[in-house]
Amino acid sequence: MITITPKRKFDVPIQAACINVDIFTGKTLEDIKKLAITEGKENLTLNDAFNITEDKTVETPNITLIGDFSKVKRIGQGMKTGEIIINGNAGMHTGEKLAGGKIVVNGNSDGWTGSEMKKGLIEIHGDAGDYTASPFRGTDTGGMKGGIIIVDGNVGSNVGCYLRGGTIKIKGSAGRFLGHHMSDGTIYIEKNCASRAGTFMTGGKIIINGTIELVMPTFTIDSIKPKVKVDATLNAPGPFYVFLGDIAEHGTGKIFALKTTNPALSTYEKYL
Amino acid sequence: MTEIIKSVVCPICGCLCDDLEVTVENNEIVKMKNGCAVCEAKMVHGYKSDERILEPHIRKNGKLVPVSMDEAIYKAAQILTDAKYPLLFGWTSSASETQHVGVELAEELGCALDNCCSVCHGPSVMAIQEIGIPTATLGQIRHRADLLVYWACDPWSAHPRHVERYTAFTDGRFEKSEFKEYVQKLKGKASKKKVEAAIRRTQVRYQPPPRPQTAIVEAPPPTLAKTGRKMIVFDVKKTMTAEVADYFVQVEPNSDYEIFGAMRCLVNDQEIDVDKVGGVPVEYLKEIVDAMVNADFGAIFFGLGLTQSVGRFRNIEIAIAMTRDLNRKTKFVISPMRGHFNVTGANTVFAWQTGYPFALDFSQGYPQYNPGEFTANDLLRRGDNDATLVISADPGAHFPKSSIQNMMKHPLITINPDWNAISRLGDVVFPAQWCGIEQAGTAYRMDSVAISLKKVVEAPKGVPSDEEIIKRILNKVRVIKAQKTRKDVTETKNVENKKI
Amino acid sequence: MTEILIKNGFVVDPLNKIDCQKMDIAIKNGRIVEKVNEREAKIIDASGLTVMAGGVDLHSHIAGSEVNLGRMLRPDDHVKDAVRKTALTRAGTGYSIPSTYVTGYRYSKMGYTTVMNPSMAAMKAKHAHEELNDIPLIDKASFTLLGDWWFALENIAKGDLVECARHIAWMIRATRSYAIKIVNPGGLESWGFGRNVHSIDDKVPNFDLTPRDIITGLAKVNTMLNMPHTIHLHTNNLGVPGNYKTAIETMQALESVYTGDKPIGHITHIQFCSFAGDNWAHFKSGAAEIANYLNAHNHMTIDIGQVTFADTTTMTADGPFEFSLYELGGHNKWVNSDVETESSGGIIPFHFKKKNAVNAIQWSIGLELSLMVKDPWKVAMTTDHPNGGPFYHYPRVFAWLYSRKAREATLKKCNKKAQRKSLLPTLDREYTLYELAIITRAGTAKMLGLKNKGHIGIGAEADVAIYNINPNTTDIAQDYKPVRKAFSNAIYTIKDGEIVVKDKELVTIRPGRTMWLDVQTKEPCRIDDELKRKFKEYWTIEFDNYPVTDHYIKVPEKITIQASV
Amino acid sequence: MVEQKLRVTLITGRTIDQGVAKELGKGSQEYFDSVAICFLDPSDIKKLGLKNGVNVQITSPYGSVVVKAKKYPYGAISGMVFMPCGLWANAICSDETDSIGMPTFRGFTVEVEPAPDKPVLTLDELLKQQFGK
């Protein structure tokens, strides 16, 4: 196990895509210390900014980060195997393009966490920022394809955009434009959801266990279902209002909103 | 000596009206014809106000003191090279020639580069990147549009001649204006403000008598079904533009997205399950959509009311989606009402050099793009940058307080012609020529047509163009960087020598 | 200026009928000369290497409003291909629409020295020139979109071609352009109200004429003006199944204008208008019909617009075509950009896939045409960058042309239906280096009327590319991969007598020239109050502010032409 | 009934006066007059027991500022307060950008209360107060 701690408080952002189990594997501690990172425009080695120690007795997690990494971007980017634990906050693009393995954040994570992820598991035990599990600007094919993201806290806006597969479980509340343009996959929210969920969606499902601020007029009520399957391990008990949409996109995505927490939606019952 | 210069281009808003007639006496603009009130304020009065910066200043012991140009250039270059991650922001009131050098400077520094579009129509650019845009040059709209929709913008205040030059009050080849003659006649003898007042009076004549205003949206007027040019305004509040429109729809704040969604369904002949969206009854929306579908050529213009309210670029995305849907039934275009006269140019110049229109970062040696990560306000909000250069912009007056407070924690360099809010806050303050008055150059109109700005008077002595300042800073940065590398090399050599 | 002597290379120079001869090329003052002082000259040992003139690309969208809107549209494209700053070169991005600097670098590394920017809206010409200034290392010129310009339409409808010629001469000068570009004539004007024309004999709404009138009218005007290039024509019905008929009708319409000395029309990216079949389900190749026609007639030239199977960005002034392409589905973004009084435009990201039947047939059509048109001087190799694929995929296209083995390898990976429909298995022809040189420099320079380009005879501009290909020891058709690699990065590129690429790396960055025509009619276009009034009516910019001024061209090369009217 | 505080939605935007004044100079009296103000619906002004042109204090979670209150001249905007964009409006705007670079300039709730005795700060006073320069 490699343990990394910041040597000082960082002011400007650090890009450290090299903090990645695939890259560390097969390297000696000295080699790891020499890996290149940038702090703003300055080119540094990992050792310039961080204390790095190795504990050969521990196998997993492969890398442990301790301290505030909120300014450190791209931790575990594109990682295929192994496990990273961050005991502190994580910066932007953590676990971007993750293709396997596991990243655990014992703190909050910033925007674009798990962006364009393909496989693997990301657990965030705090809040997650905007654009979690959403792709880079302007791409319609780059959305998260598979894997699981679990957030214990709340998430920001535009989470799970262009989602094409995989599961996002949010134990807190979600901001606007949840699952925007998603075509497949599942998003499950235990608490509340801001307005404009599922806009432009063409497939997949969004399950809201709390209150949804407003259902877009581009969604039409379909039925009331007693329960819904989130994944192999979880069946959410209902009853749920089921909305179909986004009809302006001729979509067949589904929003499940719990009946008991959404009395305002009872007006839709007349269309059933 | 009196000289009348024709076809002068107005360097203020994205309309870039190029039919001004400027009278110059003794290197001073004394009169201006054809321009709007804002143009008159700048071209005849503002550019020569007492607020002009005439020499460089550096803040010493908390006070700005005049210094030589060389000293200021050196100081600025030193700040930028010493900083780990500077931000270069502004650019939108500079000529594209200046913006061009700006990209080179950012590349040399490996820093963040952003322009004002991130606080005006950056969201529009981002929406275009998500979904594209059906658009047209303004003349196409003038010649053909029979339905004009202004959504969450008030051209009468922000682009005063937009309606008169490009849309409702102009004569096109295929569509004529009802007001043109009237306005033309008035313009001959009245000043701008009087014309505005007169047009307002015409409205009273041409429109059904105004009904008492309430927050409740009125039903569409029967005129919406007529042939010929029509104008609809959507806004959260009634504006001057709304007063001249055939129909004004007052929407609830932050509900544009839902309204667009509902209208998209209606355009696609789909039923919706609600009766009212954003305060507007669905039956009214149906009539509006009918008018849109029945138009031969429709044009939607939108403003900051969409880009700044909740939803931001998603508002534009859905507006474009609706326009795209309408194109399956008729011809429709949509266009952002770009603010600063060369904000479109900043996007354009940045894009052809780097591939990206704003929100750039060069820290990795190649351009990176991500609004939200490299946009000025996000950098400032998170305190990511450790020096700022502001050129031809006034974030002092247009950024939230907390952003500027973060900016103040680090050195600030400003390049502006006058003592605007940000210049007053600067640590190194440069003077600059007024682009389009004292300096020629290229600007891009809101429909990305390049127009050459004219130089009509000489700048005060010793005041350089911002292009020259940026070039000099760039050269000085290169010199300092070379010195540093030399120093590094000698240091390593010394170390090596000691080893031996 | 340094003198250079390229020794012992295999020279391929079709315009001077030199085919892989071992000889020396001497360079002095930016020109090819008979000899130089060997002691003072810089010697390049080209033993075992192939020496050609610098490449001349006659159709590649590298700059302008449309191209840049495409750039802005696709951050997802650029992020795949970031280019670092070096001590010598600027940073930038690819992929399908590279930033300006990167465009210049990549062309130069491929041994290209001249590129035509074929689609420039007159009103946005300043923008195009600003971008061209930022493309280093290559010479360039632009073609102005004039096929739907109201002034031209009105004059043609009136039957006053002389007046039309005068206006066009004015416009060519005002926009600093090199040729007349016609895109979907009549269709762009119809698109102003969301419609299109569907044959060359459809009436253009609001104007009393047909696309046929526009094409023949402007071809005549082109001859009157003694333009070095022919009209550069993007046909009606582009991208519609069955459109090969329109292409042939268009060429037939131009037969009447032909006087028998040199070609009078150029159909660009003809692959996109060689479609047979009634609909997309029955989509098939019309290459044989087109090739037969071209083999029997001499008044036309073509370029291919080859598909290279890339995730690219399509962009054209043909707005209605882009919309119908968008309506076929599968694309997320659609841009339409009309230009008042002149033109329109459209952009869509497009991924050409081997497994898609239509895409694979399109790929096949391009190659079929190149192989079935017998005379290589009638054909120019393009991908219609970025429409068929980015320009730096050219070496792939070369390989498909000079190696049957290469095309078979690709065909095998294509959609099964497309494989069955492809004519490629029946075509044995393999391009020689000599023929490749024709379709990439000699022929294109000839089509463009660029006398000092495309060859390395005495007096020619010293634009030279040296590739690591030994024609004596290599069977290019068999060993196609190393040759393809050699074409993608020249060992040396020399521009105007200066070495810009050495050992496959850029060593010097210099600006390229922008060529433009000053067409002098016997009586110039009358600029009177009437014209200015009309101007004000038609455009939203003032007459005085319309023309491109000298300020916008960093390194101009003015070519003065005496018109015959 | 006169209320002490009014909860309304803040809208910021351009006005022609602000447009003209910013070109005359940020330090000009015209700029101060056209930007250090807010517009309220006549009915809301009445609710606060105010007269046209009296100072009000506007408070948001992000700050507080004193400006002059005016009646909105064009139509009903009850439940809203409209401020011309500029320093005074920025003092109460949020830097929250939704991760796209655009701060929150409009569309959130603020409190308006009469402040007839509090002065409206000038540009320089405001800069000094907020940024210490």
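Biologist: At what angle do helix H9 and helix H10 of chain C pack, and how far apart are their axes?

Modeller: H9 covers residues 244-255 of chain C and H10 covers residues 287-296. Between these two helices the angle is about 10°, and their axes are 9 Å apart.

Biologist: Which residues make that contact, and how do they divide by class?

Modeller: On the H9(C) side the contact is made by C:Tyr244, C:Ala247, C:Ile248 and C:Met251. H10(C) contributes C:Glu289, C:Ile290 and C:Tyr293. By class, the residues of this contact are six nonpolar, no polar and one charged.

Biologist: Why is helix H11 of chain C described as largely enclosed?

Modeller: H11 spans residues 319-327 of chain C. The buried ones are C:Gly319, C:Pro320, C:Phe321, C:Glu322, C:Phe323, C:Leu325 and C:Tyr326. The helix is largely enclosed by the rest of the structure because the buried residues number seven of the nine.

Biologist: Which helix of chain B do the buried residues of H11(C) pack against?

Modeller: Within chain C, the buried residues of H11(C) pack against H7, strand E17 (311-316), strand E18 (334-338) and strand E19 (346-351). They also reach across to another chain, where their partner is helix H14 (313-327) of chain B.

Biologist: What about helix H5 of chain C: which helices do its buried residues pack against?

Modeller: H5 runs over residues 150-158, and its buried residues are C:Phe151, C:Ala152, C:Leu153, C:Asn155 and C:Ile156. Their partners belong to chain C: helix H6 (161-174), helix H7 (187-191) and helix H8 (211-224).

Biologist: Which residues with a positive phi follow H5(C) and H11(C)?

Modeller: After H11(C) comes C:Gly329, with a positive phi near 95°. After H5(C) there is a residue with a positive phi near 85°, and that one is C:Gly159.

Biologist: Is A:His93 buried or exposed?

Modeller: A:His93 sits in the loop between strand E8 (83-87) and strand E9 (99-105) of chain A. Its phi is positive, near 60°, although the residue is not a glycine. A residue counts as buried with 20 or more other C-beta atoms within 10 Å, and A:His93 has 27, so A:His93 is buried.

Biologist: And how many other C-beta atoms lie within 10 Å of A:Phe200?

Modeller: A:Phe200 is another residue other than glycine with a positive phi, near 65°. Its place is the loop between strand E13 (186-189) and strand E14 (205-208) of chain A. A:Phe200 is buried, and the number of other C-beta atoms within 10 Å is 28.

Biologist: Where is the cis peptide bond that involves A:Pro239?

Modeller: A:Pro239 lies in strand E16 (residues 234-245) of chain A. With omega near 5°, the cis bond runs from A:Gly238 to A:Pro239.

Biologist: What is omega for the cis bond between C:Gly94 and C:Tyr95?

Modeller: C:Tyr95 is found in the loop between strand E8 (92-93) and helix H3 (100-109) of chain C. For the cis bond that joins C:Gly94 and C:Tyr95, omega is about -10°.

Biologist: Which pair of chains shares the most contacts?

Modeller: Five pairs of chains are in contact. No contact joins chain C and chain D, with their closest C-alpha atoms 15 Å apart. In one of the pairs that do touch, 64 residues of one chain are in contact with 46 residues of the other, and the pair with the most contacts is chains B and D.

Biologist: How far apart are the centres of the two domains of chain B?

Modeller: Domain 1 takes in 51-119 + 341-487, and domain 2 takes in 122-336. Ten residues of domain 1 are in contact with seven residues of domain 2. Taken over C-alpha atoms, the distance between the centres is 36 Å.

Biologist: Where in chain B does the pLDDT stay under 50?

Modeller: Chain B has a mean pLDDT of 88, and 90% of its residues reach 70 or more. Where pLDDT is low, the predicted coordinates should not be read in detail. The stretches with pLDDT under 50 include residues 185-191 and residues 198-215.

Technical notes:
Residues numbered from 1 in each chain as written. Chains lettered and ligands numbered in written order. Predicted model: local features only at pLDDT ≥ 70, side-chain atom pairs only at ≥ 80, totals over all residues. Contact = placed C-beta atoms within 7 Å. Buried ≥ 20, exposed ≤ 12 C-beta atoms within 10 Å, placed from the backbone. Helix = DSSP H or I, 4+ residues; strand = E, 2+ residues; numbered from the N terminus. Axes fitted to C-alpha atoms, helices over the stretch in contact; angles between N-to-C directions. Nonpolar A, V, L, I, M, F, W, Y, C, P; charged D, E, K, R; others polar. Domains from an automatic or database assignment. pLDDT = per-residue confidence, 0-100.
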